Amino acid sequence: MKFKTFAAFVGPSLVMMLLFIAFPLVSVFMQSFYVTQPIFEQVEVESCTPGFPNPICVTEIKSQPVLGADGKITTETRFSGLESYRNVLELGRVKAAISNGSWTQLMNVDFWKALRFTLSFTLLTLPLVLIVGLSIALAVNNAVRSLRGPVIFISLLPFIITPVIGGLSIRWLFIGDGILTAAMEWMSGANISMFAQAWTIELMMMFYRVWHVAPFAFVIFYAGLQTVNQDTLESAIIDGASRWERLRFVIVPHLMPLIVFIALIHLMDSYRVFDEIVAFSSQSHVISLQWLTYDFLTPDDAGNRAISRASATAMLTMVGIVLLLIYPLKRTWRDHKGSH
Amino acid sequence: MSTPKALRQSAALRFGSAGFLIFWCLIAAFPIFWILVMSFKNPVDAFASNPLDVIFGPATLAEGDGLSIMDVVLGLGVLWLSFRFAFRHLPEMVEKFTKPGTVIMGWVIAVLGFALVFIVVFFGILPWVLTGLNAMSGPLGDPIIGLTPKNYVSVWVDNEFYRNFINSLIVTGGVVTVSLTVGTLAGYGLARSGSNLAFWLLILALIFRALPHSVLVAGYLPVFINSAEILRPILGDAAPTLYGKPYAVIAVLVAINQPFTIWMLRSFFQNIPMELDEAARVDGCSHFQAFRRVIMPVMWPGVITTGLFSFLLGYNDFLVTSLLLDAQNQTMVPAIAGYFNRETTTTDQVEAIAAAVSITAPLFLLVMVFQRQIVSGLTAGAVKG
C-alpha cells in the first residue's frame, strides 16, 4: 500500500486521536503551570455613621473583585510555576506527618489518600480477578456442554452492566439494614454498618470490581483453554503429573500470554477507578486519583472550577500510570522482539 | 464414554467444580435480579431486612397493588411464548419475507413490529383479560404478591426520564456511527500496511488507551467552555460554545474509543485474506473501491462486534458525560447519580432503583441477542495477540 493511500485510510482516525487525546494532554500540561483567578483591587472605603457633633467616619481598605465592562468579574491568568503541584501534594504537611511518624496524618492529605487507595485497589484486585477468572474458566470447561451457553450468558451480565449501576446494585444489598447486612448481623450477632468506615467500603468496592471484571478474564481464559495441546496434557499424565501439576506446568504456561494481556488491561482500567466512588458515595471516606481530578473539575458552590489544580492532579495521575505500566510494557516489548 | 480413564475426574472434583459454578452464577446474577425485584416494591418492602418481605412485598400488597396466582401464571406464560417466538420464528419469518440485500431493514421492521405487538398484548390486552379471569376464579384470583409499577411511572412520566433516554440514544447512536466509520477505515489501513509507521501508530494507540479519562476531560473543559471566544476569529459570530453540546461529547467519546476500536477492527481485517483485495485490485478497483465493495460486505460480523463495544462505551460512560453535558442534555447514567445524591427519602431511592433497572434492561436484551458476538469480540484481540 502506498503511503498516500495509507494516510487517507488512517488519517481521520489519527486526526481525531491527535485532536481529542494528544492536544488535550498538551493543554493539560500547560494549564497545570498557570492559574486563573479573579483580579482583586484594594479600595479605600469611607463609611460614616451619623454622630454628634460630627458623623463618625471610618476608612478601611477592602479588596474586591474588579468588574469588567459587562458586569462580570474579570479574571487574569498568570504563570504560577509549580504552585498547583505544591497545592496538591502539600509536601509541608507530608513532611510533618512523616516526622511525626503518623500514618493517619498523612492520610488526611487528599492526594496521598487517593494515591494509597488507587494503588492498593489496583494491586489487590489484580490477583483476585486472575484467580477467579481462571477458576470459572476451568469449571465451565469441566461442565456439561449444554450448560456452557447459559453459564456464559449469566457471566456476561456483570461484565456488561453499566459500572455505576453495577456498583449501586451491590450497594443496595448492603445499605442500611439491607438484606445482606441483616444476614451478617444475624450470623455475627453484632451491629454492622457497612458504610460507616473506610475499610468495609473498600471491601465492597473490590468485591464489585472483581465481580465486574472476572467475566472478562473468564471468557478469555476459556477461549485459551480450548487451544491447550491435548498431546502435551497426555504426556504429562503418562509422566505421572497430578491434576494440580498439570495445571501448574502445562495449562498456566500455555495461558501466560493471556494472563499478561488481562493483567495489562486490568492495570490500566482499575488504576482509573472512579465509578465505584460515585456508586458507593464514598467521597468522605475513600477517594481515588481520578475522582480527585473530577472533584476539582466540578463547579463549587460559587460556580468556579479549580482547573489548574485539576490539571496538576491529572498530570500526576498520568505519571503514575506510566510508572505502573513500564514494567509490563517492557516485558511485552522484550517478548515481541524475542519472538522475531 | 470416550474419555480416557486417566482423564476422568474423581466425584469430589466434579462436585466441587459444579458447586463452584453454581455459586458463581448465583453471585453473578443475584444483585441484578435483586434490583429488578426491588424496583417493583414500595419503599418499605424494597429496603426490608427480611428477604422474604422484599420478594412478597406485604406492604405493597396492603396498598392494593398485587398479583394473583392467575396473573403470575398467565404473565409468565405470555412472556415465555413471546421469547420463544422471538428466537425461533422471528428469524425464519425475516428470512422468508426479505429480499437479499434488505436484511437489515427487514430486521428493523420485524423487531419494531414485535415490540409493538408485545406491548399491546402484555400491557393492553392481558390486564384486561386478567381482571375478568381474577373475578371469576375465586381464591386463585386473590392477590398474593405485592407488585407495583408506581416507581417506573414516577421515573418515566413525572421525572421525565425519557428525556435522558433520548439524550442517551443520541449520544450512543452518534458514538457508534462515527467511531465505526472512522475506525473501519483506519483498521483496514493498519491491517493491510506492514510498514513500521503502522506498528508505531498501534503502539501509540495502546498508550492512549491507558490514559485516565479525567486527564483528557481536564484538557477539554476550559477549551469547551470558552470555545465561542477561541473560535470567533475563525468562524465569526457562528462560533459555538461546545460545552453541553451532545455532538462535542460524541466527538470526545469517539476519540477515547478509537484506540480500542482500531485494534479490534484491525484484528478482524487481518482474518480476511489479502488475496481478496488483490483480486479486486486486478479487476480494476482502487484501494477504496476494494475496501467499499469487496471487503466491507464480508466484514459485517467484525463491524457488529466492534459496534457493540462502542455502544457499551457510549452508553455506560459516566465521567465524560457528567462533566461535559449540561443538565438539559444529560444522559441516563449521570442522571441517575442525581437521584441518589438527593437521598432525602427512601422513595427517591426506590425511584433510583427503577431508573437503574430501566438502564440495565436494554443491556440485558443486548447480551441475549448478541452473546456470540460479544464473546468473539472479547477473544478477538487476546487469543491471537
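In the predicted model, A:R209 and A:E276 form a salt bridge, with their closest N and O atoms 2.7 Å apart; a salt bridge is taken as a side-chain nitrogen of Lys or Arg within 4 Å of a carboxyl oxygen of Asp or Glu. This pair links distant parts of the chain, 67 residues apart: A:R209 lies in helix α9 (residues 198-225) of chain A and A:E276 in helix α12 (residues 275-279) of chain A. Helices are DSSP runs (H or I, at least four residues), numbered from the N terminus. Over all chains, the count comes to 5 salt bridges.

The model is predicted, and local features need pLDDT of at least 70, side-chain atom pairs count only at pLDDT 80 or more, and totals for chains, interfaces and linings use all residues. Residues are numbered from 1 along each chain as its sequence is written, chains are lettered from A and ligands numbered from 1 in the order in which they are written, and side-chain values use heavy atoms, with hydrogens and water left out.

Between chain A and chain B, 88 residues of chain A are in contact with 98 residues of chain B, contact meaning heavy atoms within 4.5 Å. About 8400 Å² is buried between the two chains, 80% of it on carbon and sulfur atoms; buried area is the accessible area (1.4 Å probe) that two parts lose on being put together, summed over both. Side chains of B:R209 and A:D269 meet in a salt bridge at 3.4 Å, N to O. Helix α1 (residues 3-31) of chain A gives the most to the side of chain A that touches chain B, with 18 residues.

α1(A) bends by about 50 degrees at A:G11, and the proline A:P12 follows within four residues. The bend at a residue is the angle between axes fitted to the seven residues ending there and the seven starting there. In α5(A), a kink of about 25 degrees lies at A:T125, shortly before the proline A:P127.

Definitions and conventions. Helices (H or I, at least four residues) and strands (E, at least two) are DSSP runs, numbered from the N terminus.
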